[in-house]
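Hello,

Here is the structure I promised to pass on. Have a look at it first, and then read my notes below.

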Amino acid sequence: MRYIKRHLEEAVLRLSESFSAILITGPRQAGKTTMLRTMADQEGINSEYVSLDDLNERAMAKNDPGMFLQIHQPPVLIDEVQYAPELFTSIKMHIDEHHHPGDFWMTGLPIFKMMQGVQESLAGRVASRPMSPLTQ
């Protein structure tokens, strides 16, 4: 399948120069993960990809977020972050200590509770952008 460039890509790259964390939210199958993985490849960003659809990764992220970030060191793309809002405090601590733009690229569903957690835990540290599915 041919990749279709998204307008949001330019904003993500620009925001990644200033913010340590980027969160792309949107409905399932909108292309969030595909876009970020393609961008990382095209930009030569050697980031690890971790999906919290993997129940083992999800359990570690929820139960021991500090260990999760030791194993999956930035730059890292964390997919389906809504499954482990417990990660946000550890991500905040990492950002406060290291201050490195573009360390965390995350995707998630626009769930109110998750967005509230992001705003509380990562205020001023994360740039969040919605992504819509493609239309004709």
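**What I found**

Ile22 has Ala127 of strand E5 as its bridge partner. This is a predicted model, where local features need pLDDT of at least 70, side-chain atom pairs count only at pLDDT 80 or more, and totals for chains, interfaces and linings use all residues. Residues are numbered from 1 along each chain as its sequence is written, and side-chain values use heavy atoms, leaving out hydrogens and water.

Strand E1 (residues 21-25) pairs with E5 in the parallel sense, over five bridges. Pairing takes at least two DSSP bridges between two strands; helices (H or I, at least four residues) and strands (E, at least two) are DSSP runs, numbered from the N terminus. The open sheet has five strands in the order E2-E3-E4-E1-E5, with parallel pairing. E2 (48-51) and E5 (126-130) are at the edges with a single partner strand each, so one side of each is left without a neighbour in the sheet.

Helix H1 (residues 8-16) lies across E1, E4 (104-108) and E5, at about 155° to E1. Such angles run from 0 to 180 degrees between N-to-C directions, with axes fitted to C-alpha atoms, for helices over the stretch in contact.

What does Ile78 touch, leaving aside neighbours within four places in sequence? Its contacts (heavy atoms within 4.5 Å) are Val50, Leu52, Phe68, Leu87, Ile91, Phe104, Trp105, Met106 and Thr107.

Enjoy exploring!
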